[in-house]
Amino acid sequence: MTTTPEHDKRIAEMVFGSVFPHYVTKVEKKGRTRAELMQVIEWLTGFDENEVSKHIEKKSTFEEFFAAAQLNPNAHLIKGVICGYRVEDIENPLTQKARYLDKLVDELAKGKVMEKILRTQ
């Protein structure tokens, strides 16, 4: 799926730390924990909580955040629609990675079991 250059630029320039609190609120409002959110982020990016905190403190953009990440080799198994886009069809690699994270957060908030979110089953 093709996104617009403006959309891709907006994603790239968005500060990860400005979005992170929204992820926390979304999952906690649905009865999940910050620890579970951190587990999901670590699975996708390879960043532990300390590394995520450093990116928040540095005000890393999504472009910087994902450039430093070691994307999980099973990330391609993340499928479905998020924000009106089918994640597996997004052509811009950075936008796709950001939407992978959005999709995982959404699955966590919707109560999906962790093994399925982390694509271990």
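**Exercise 1: Thr 61**

Leaving out residues up to four places away in sequence, Thr 61 touches Ala 12, Glu 13, Met 14, Val 15 and Phe 16, where contact means heavy atoms within 4.5 Å. Keep in mind that this is a predicted model, with local features needing pLDDT of at least 70, side-chain atom pairs counting only at pLDDT 80 or more, and totals for chains, interfaces and linings using all residues. Residues are numbered from 1 along each chain as its sequence is written, and side-chain values use heavy atoms, with hydrogens and water left out.

Task: work out where Thr 61 sits and whether Thr 61 is buried or exposed.

Step one: find Thr 61 in the loop between helix H4 (49–57) and helix H5 (62–68).

Step two: Thr 61 has 16% relative accessibility, so it counts as buried (under 20% relative accessible area; exposed is over 50%, partly exposed in between, with a 1.4 Å probe and protein chains only).

Step three: check the backbone oxygen of Ala 12, which lies 3.4 Å from a polar side-chain atom of Thr 61.

**Exercise 2: H3 and H6**

Task: how do the axes of H3 and H6 cross?

Step one: the axes of helix H3 (residues 34–45) and helix H6 (residues 93–109) come within 10 Å and cross at roughly 150°.

Step two: H3 and H6 are therefore roughly antiparallel (angles over 145 degrees).

Step three: on the H3 side, Glu 36, Leu 37, Val 40, Ile 41, Trp 43 and Leu 44 meet Lys 97, Tyr 100, Leu 101, Leu 104, Val 105 and Leu 108 of H6.

Conventions: Axes are lines fitted to C-alpha atoms, for helices over the stretch in contact, and angles run from 0 to 180 degrees between N-to-C directions. Helices (H or I, at least four residues) and strands (E, at least two) are DSSP runs, numbered from the N terminus. Angles under 35 degrees count as roughly parallel, over 145 as roughly antiparallel, 65 to 115 as roughly perpendicular and the rest as oblique. A polar contact is a pair of N or O atoms within 3.5 Å; within protein, one must be able to donate a hydrogen and the other to accept it, and residues adjacent in sequence count only if both atoms are side-chain atoms.
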